[in-house]
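Visitor: Hello! I would like to learn how to read a protein model. Could you take me through one?

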Amino acid sequence: NDMLSSVTGSTSMDAFEKMKEKVEMLESQAEVSGQLAAGTGSSLDTESRFRQLESGSKVDDELERMKLQLAAPQSDKKALPATPASAAVEDELEKLKSANAKVQD
């Protein structure tokens, strides 16, 4: 009855179309409400999820560890051993430099 009282139209076809639109809107609202109810659970679940997310993560812990390593004095860090470049690497480097020079000319 509420549905019919809100429907005003000049023809019965207009009234039918408006009723159809209203029913589709109500069905959509019911579907969304059902999805929200099924997906969220209780507010307790949501609160515990937020606490879990705020408590930190492995990524945050790793980032903090890396920051501490960067802040450590240089004397504590081990230097890489000096290794002479092999002849093959030096030859390849020279080839690349000469090829680059030819391209730029």
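Visitor: Which residues form a negative surface patch here?

Guide: Asp14, Glu17, Glu21, Glu24, Glu27 and Glu31 form it. Patches take residues with over 30% relative accessible area and no salt bridge, joining like charges within 9 Å and nonpolar side chains (Val, Leu, Ile, Met, Phe, Trp, Tyr) within 5 Å. Asp and Glu count as negative, Lys and Arg as positive, while His and chain ends are not counted. Each charge is placed at NZ of Lys, CZ of Arg, CG of Asp or CD of Glu.

Guide: This is a predicted model, where local features need pLDDT of at least 70, side-chain atom pairs need 80 or more, and totals for chains, interfaces and linings use all residues. Residues are numbered from 1 along each chain as its sequence is written, and side-chain values use heavy atoms, without hydrogens or water.

Visitor: Where is Glu17 found?

Guide: In helix 2 (residues 12-40); helices (H or I, at least four residues) and strands (E, at least two) are DSSP runs numbered from the N terminus. Glu17 has a relative accessible area of 32%, so it is partly exposed: buried means under 20%, exposed over 50%, partly exposed in between (1.4 Å probe, protein chains only).

Visitor: How many salt bridges does a search of the whole structure find?

Guide: One. A salt bridge puts a side-chain nitrogen of Lys or Arg within 4 Å of a carboxyl oxygen of Asp or Glu. Here Glu62 pairs with Arg65, with the closest N and O atoms 2.4 Å apart. They are separated by about one helical turn because they lie three residues apart in helix 4 (residues 58-71). Glu62 is partly exposed at 35%, and Arg65 is partly exposed at 39%.

Visitor: What is the mean pLDDT of the protein chain?

Guide: pLDDT is the predictor's confidence in each residue, from 0 to 100. The chain's mean is 78; confidence is lowest in helix 1 (residues 2-6), at a mean of 54, and highest in helix 2, at 87.

Notes: Areas by Shrake-Rupley, 256 points an atom, 1.4 Å probe, with all protein chains shown as cover.
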